[in-house]
Amino acid sequence: FKQHNACNAFYCRLVRYGCRGAFFCVSIFSHYNSTMGSAPSTEVQGSQPQTRRVASVPDFRGSGSNQAQSASRPTGRQTTETASKQTASTSQKQPAASQQSSSSKPSAAPRIIRGGRADAIPEVRDPNDIIFETFYHSSGKNFTCMFVNDVRYYLDSYKTGEWLEFPLEWYSEGALEVDDVLGGSEASAGQGGEAPSGSNAQAVNVEISEGKKDEREGVIKIPGKGVFQTYIFEHRRNVHCYYDPDESAWIKLPLKWELKTDVAKKLVRQTQELCPQWRDECDLLASLRASNYNVEDCINTFHATQGTYGPEVAAGFEGALSREKSIIMQNENYDEMAAKLTTAERKLERREVRVKKLEEENNYLKSKIAEVEELLATTKAECSATIAQVEVLQRERPVTAKSRGGSGGGGASAAAAAAVAAAAAAQTQETISKDELKRLYDGVKSMHKVYLQLVSETKTQKEFTSKKITELKESMKRLKQCGSVTEEQIEEVRTLYRREALQRKLLYNQLQELRGNIRVFCRVRNETSAKMSLATPNDQDVVTVGGNDKKMFQFDRAFGVNSTQDEVYSVVSPIITSCADGYNVSIMAYGQTGSGKTYTMLGPSPNPFSNPGVNVRAIQELFRLCAERKDTTDYTMHISMVEIYNECIQDLLRKDVKQVDLRSTGTKVTLVDITEQPIGKEKDILDALDQGTSNRKVAATKMNSQSSRSHLVLILTVIGKDLVTGTRTKGTLTLCDLAGSERVGKTGATGEQLAEAAFINKSLTSLGQVFAALRDNQLHVPYRNSKLTHLLMPSLGGDAKACLFVNVSPNESNLQETLSTLLFGVNARQVALGQAKKNVAKK
Ligand code: ADP
Ligand code: MG
């Protein structure tokens, strides 16, 4: 009994510190058990606990509830005792939020609920409600439990949906936690004096060496507690913690304590040296936290806020405007660079064409020279042959003339001369006539002339060609030089472009971060005929009307009953650019069944494409962005569609709807063998959505469930290859139409419905816990508590951007659910960063 009480007290402490991870609880419990010297707890893994099996699944319909209770209890007396014991333990074990819910005081003036403080939780429970819980057994196993009509049950198996009575011995072997969708409230206390958030000691493995002084390491003296070691952990975001030996855990330092640490003091001093006008140390440190302890970033944020609006006026996300301006300038710069790059590339192209032309000309001239030289050689040969012939003829001519001159001499000589003449005549006749000789001579003469002409022409041609070649060579040399200069210029422009593109992405990302990585919007369903319980007086607030206790809820944007699909889409469209830039982005719709989640995400039924919702518009925008960037980036897109029902994930794009496994390594999560359909045009999206929706109907009918009882998740993968730099980016857009958040756990539900309700409750609770852990910068974010949050892990936290729509009905009859949904929304809403946050609070 002593141990039981100690366990409860310890558990309460854990809950107060906001620790929900099963792993954490188990590790602390083991530590607790070993330090208390108690006997090790019963091993549950492998063997089922000593428990009485309930004959059938409890049926709580109508008056049957009492019968069911008596059937599941051995005797009336024993039951009362057990029940009161259990009630006592439940009230002891419930987190502060649910305990405080009953102490909520109505007030006449409207209250602004910003952080979802525990005192703001409205009365949403009635005594017949079923409370869903999770039991963390010290063995490491978790069980889904429910507490109804003073009896606690646990779910034996997801498949059978069988509820068994909670074994008494388990109270000393683990801890119970209420799966309250609004349960994240108590962790959201303001930064000034919050209770330290717990952390998973095992999640961080720090080694602080004695010799080497680590800049992140320090000590803190806490009055009444002693001296503690401190350390700034780097886990997605840096978190400054102190080590509490009592709990063997690193615990996040509250702001006021943190201010006392040397490390923080130094950072604050450094910031103040550069920004002397920033006097408020608390505010400064909060901003430093938000800037990941980066002094430069912190100062930039400060200047961005101060520069544009001045310290008094800067509110909300107005600081982002100056960023936006700088983005526009960067974009202009980037466009200029891109234009320069294109001009330089075109110039180079033209030069290359010219070089090619000149080379062709050169080759042509070379062949021409060869031809002329050949012709010259032939002519030369012909000439020398003719000259030789002429010389022979000339040698022969004087002999003939001599013989003719000697013909007037003596008789003998006359006879001889006659004989010679006859012989000569005969020879002349035999060889060549005089005319012919003359003709030949003229021919040779003209040929010689031609020869001389050709020689001079060839000489001229040769001179011309060699001149041309020299010219060409020179121009080639010049061009080559020009080419290398252009290459250098292009490389320079390319580097600049790369830097600009990266800068643009980073600035855009910073802008989105300034707006908050988790943005929450509220949409009130169009329902004018009903008695209205809600109003949207401006574009941020939703107020309750009609009752005395008026409440006001503030969101990043509130959409009234007349909002259009286009207006609603406009608030999420900026994060679509982030997706194309390679970030993980998610958009979710939360609310009770019939509040307009599917209308917002997909469109009106039965023909959603007549006025498409966020899904189609976001994908269309992605197409538009990809087309716009096609000169610089090559994009490919794939779509997958899954449904999460009773903690099972079904692939909806297969013909035979199949269950798929979820695997994760580090922060990467993969759906094993999931169908990924390539999409290149709008019709592909519509086809995929059609196929997924009809498969969902088939699966729902098979399982005898309704589509509103499962989460529908659409995953779009966008891979971009930068054509200039060659870098690759991968972004995902996860669109999630969540299951109805209404409390089905009334005493009218049947066994199957109860299991279904328990799973929905569990996953939505986990979602709320994840938001709370992210908002509070906790070291341990309980993503693995449900399939939904596990699947969404890469799209929540870190650099990822998430948008949450909380859909509500204005109908008075839905007020309880509406309040619960609105509260979930304000709890999830991430507080704006540093300076801006303070100004919002002032307003
Ligand atoms: P949920 O998905 O939350 O269960 P639905 O989106 O299916 O709810 O909405 C229920 C009904 O209300 C549908 O017929 C839908 O067309 C209609 N509806 C929801 N929101 C609006 C709105 N803003 N304007 C007009 N009709 C709406
Ligand atoms: Mg729906």
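Biologist: Is Glu647 buried or exposed?

Modeller: Relative accessible area decides: under 20% is buried, over 50% exposed, and in between partly exposed, with a 1.4 Å probe and protein chains only. Glu647 has a relative accessible area of 14%, so Glu647 is buried. This is a predicted model, in which local features need pLDDT of at least 70 and side-chain atom pairs count only at pLDDT 80 or more, while totals for chains, interfaces and linings use all residues. Residues are numbered from 1 along each chain as its sequence is written, chains are lettered from A and ligands numbered from 1 in the order in which they are written, and side-chain values use heavy atoms, leaving out hydrogens and water.

Biologist: Where is Glu647 found?

Modeller: Glu647 is in the loop between β17 and β18, and its phi is near 60°, a positive value in a residue other than glycine. Asn646 lies in the loop between β17 (633-645) and β18 (648-651). Asn646 is not a glycine either, yet has a positive phi of about 50°. With a relative accessible area of 19%, Asn646 is buried.

Biologist: How many helices and strands are in the chain?

Modeller: The chain has 20 helices and 25 strands. Of its 843 residues, 50% count as buried.

Biologist: What describes two packed helices?

Modeller: The angle between their axes and the distance between the axes. Axes are lines fitted to C-alpha atoms, for helices over the stretch in contact, and angles run from 0 to 180 degrees between N-to-C directions. Helix α7 (residues 262-274) packs with helix α8 (residues 281-290) at about 100°, their axes being 10 Å apart. That makes α7 roughly perpendicular to α8; the labels are roughly parallel under 35 degrees, roughly antiparallel over 145, roughly perpendicular from 65 to 115, and oblique for the rest.

Biologist: Which residues of α7 and α8 meet?

Modeller: Contact means heavy atoms within 4.5 Å. Ala264, Leu267, Val268, Thr271 and Gln272 in α7 meet Glu281, Leu284, Leu285 and Leu288 in α8. By class, this contact has six nonpolar, two polar and one charged residues. Nonpolar covers Ala, Val, Leu, Ile, Met, Phe, Trp, Tyr, Cys and Pro; charged covers Asp, Glu, Lys and Arg; the others, Gly among them, are polar.

Biologist: What should helix α15 span?

Modeller: The expected span of a helix is 1.5 Å times one less than its number of residues. The 15 residues of α15 (residues 614-628) should span 21 Å, which agrees with end C-alpha atoms 21 Å apart. Eleven of the 15 residues in α15 are buried, including Phe623 and Cys626. In the loop between α14 (597-601) and α15 lies Pro606. The peptide bond from Ser605 to Pro606 is cis, with omega near 5°.

Biologist: How many disulfides does the structure hold?

Modeller: A disulfide is a pair of cysteine sulfur atoms within 2.5 Å. The structure holds zero. Cys298 is in no disulfide, and the nearest cysteine sulfur, that of Cys275, is 7.6 Å away. The sulfur of Cys626 is 8.5 Å from the closest cysteine sulfur, in Cys579, which is too far for a bond.

Biologist: Where is Ser795, and with which residues is it in contact?

Modeller: Ser795 sits in the loop between α18 (787-792) and β25 (801-808). At 2% relative accessibility, Ser795 counts as buried. Leaving aside neighbours within four places in sequence, Ser795 is in contact with residues including Asn584, Thr732 and Ala802.

Notes: Helix = DSSP H or I, 4+ residues; strand = E, 2+ residues; numbered from the N terminus.
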